Amino acid sequence: MATPTPSELERKAKEAFFDDDFALAAALYTQAIAAGAPSAAFYADRAQAYIKMGDFAAGAADAARAAELDPAMPRAHLRRAHACVKLEQYDAARAAVEAGAALAPADARLAQRFAQLMKEIDAKASKPMETEASAAAPVPAAAPAEKAKYRHDYYNSAAEVVVTVFAKGMAPEHVAVEFGEQVLSISVEVPGELPYHLQPRLFGKVVPDKCRFAVLSTKIEVRLAKAEPGTTWTSLEFTDKPRFIAAAPPSGSNSAGGGAKRPSYPSSKGRKDWDKIEAEVKKAEKEEKLDGDAAANKFFKDIFSNADEDMRRAMTKSYLESNGTVLSTNWEDVGSKKIEPSPPEGMDLRKWEY
């Protein structure tokens, strides 16, 4: 049996996503990524699947990787911003919104989405500062805690953790950075000013010889090479909480002829038996009696599951390109042209995504 190509895996992943099987979609995108050259689109779409599953750390990491591969992809920045807001990483979310909004000034819908996210970030990011100030005010007798001179933030990529210290106009000779196996030391000493030190015990181990830093005009950027590529750091500093690791591509058929195993995902309730769940869902669907829109949806799903390859391609292409308003099974009719949206009479078409 021929090994599926990345484009075939992508098509199957989109079908799974359309069926709300986000775990299967993520697994198929993982296979597509492993099967070909790095693709920003695959990482961005897998990020969306992870976000739908509630794994925002993995979603943020994939979206950041997509933005690295294609900095001009607005949806990569949008999905990273959305995931970072859920993780309460507001500085990273703000940076993603600013980068994405600069790429889509002519797209009113995207511009509105970025503006909404920025309002959400501004509203949520201000709350911890107000709480800290109000808690410190009633204690005049005690010495106030020294406020950090510079703000810092971090984000994940597949192989690195990037730490940013926002220190503008810093001369390189005033900055010292040292790397340990699980320790980072950043020191800024400007004559006549109080020194700044950031020395966290890191969330995971790094490879010191591969770590590097740069002093830029607006910030100090430190790149930590992960000792375990693919691991998503859920914080910069060490924590006892479990780490989330991106799912490895499902293995192919083994020598005994067995099928590929379903991937497992982090869960507080233990590992799920996806094959058993799938069998139970299919059984329930067969026994369920539906009417109205639900009956129509089931009817179309049954057609799709029993269709040949050309019919499936026609259904998927017509449905996606028309934003859900056209469904055709004739590949000869829809294969050579773009299917325009055709909303029912009296209704307006509105497309949403994040």
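Which residues line the largest cavity? In this predicted model, the lining of the largest cavity consists of Ala-57, Ala-60, Ala-61, Ala-64, Arg-80, Cys-84, Leu-87, Gln-89, Tyr-155, Asn-156, Thr-232 and Trp-233. The volume of this cavity is about 70 Å³. Three cavities of 30 Å³ or more were found when the whole structure was searched. By residue class, the lining of the largest cavity comprises eight nonpolar residues, three polar residues and one charged residue. At least two lining residues come from each of α4 (56-69), α5 (74-86) and β1 (151-156). The largest contribution is that of α4, which supplies four residues.

Strand β1, which takes part in this lining, also belongs to an open sheet of four strands. The order in that sheet is β1-β2-β7-β6, and the pairing is antiparallel. The edge positions are taken by β1 and β6 (212-215); each has a single partner strand, so one side of each lacks a neighbour in the sheet. On average, neighbouring strands of this sheet are turned by 15° against each other, direction ignored. Between β1 and strand β2 (residues 160-166), the antiparallel pairing extends over six bridges. Within this pairing, Tyr-154 is placed opposite Val-163 of β2.

A polar contact at 3.5 Å links the side chain of Glu-221 to the side chain of Arg-223.

A further open sheet has three strands in the order β3-β4-β5, again described by antiparallel pairing. Its edge strands are β3 and β5 (196-198), each of which pairs on one side only. The twist from one strand to the next averages 10°. Five bridges connect strand β3 (residues 175-179) and strand β4 (residues 184-188) in the antiparallel sense. In this pair, Val-177 lies opposite Ile-186 of β4. On the side of β5, the antiparallel pairing with β4 is made through three bridges. Here Ser-187 has His-197 in β5 as its bridge partner. In general, the strands of a sheet pair through backbone hydrogen bonds, in either a parallel or an antiparallel sense.

Where is Ser-39 found? Ser-39 is located in the loop between α2 (22-35) and α3 (40-53). The relative accessible area of Ser-39 is 19%. Because buried means under 20% relative accessible area, Ser-39 is assigned to the buried class. A polar atom of the Ser-39 side chain lies 3.3 Å from the backbone nitrogen of Phe-42.

Methods
Residues are numbered from 1 along each chain as its sequence is written. This is a predicted model: local features need pLDDT of at least 70, side-chain atom pairs count only at pLDDT 80 or more; totals for chains, interfaces and linings use all residues. Side-chain values use heavy atoms; hydrogens and water are left out. On a 1 Å grid over the protein atoms alone, a cavity is a set of points where a 1.4 Å probe fits but cannot get out, and a pocket is an open set with protein on both sides within 12 Å along at least five of seven lines; lining residues have an atom within 4 Å of a point. Grid points are joined across faces, edges and corners, and a volume is the space filled by probe spheres set on the points. Ala, Val, Leu, Ile, Met, Phe, Trp, Tyr, Cys and Pro count as nonpolar, Asp, Glu, Lys and Arg as charged, and the others, Gly among them, as polar. Buried means under 20% relative accessible area, exposed over 50%, partly exposed in between (1.4 Å probe, protein chains only). A polar contact is a pair of N or O atoms within 3.5 Å; within protein, one must be able to donate a hydrogen and the other to accept it, and residues adjacent in sequence count only if both atoms are side-chain atoms. Two strands pair if DSSP finds at least two bridges between them. Axes are lines fitted to C-alpha atoms, for helices over the stretch in contact, and angles run from 0 to 180 degrees between N-to-C directions.
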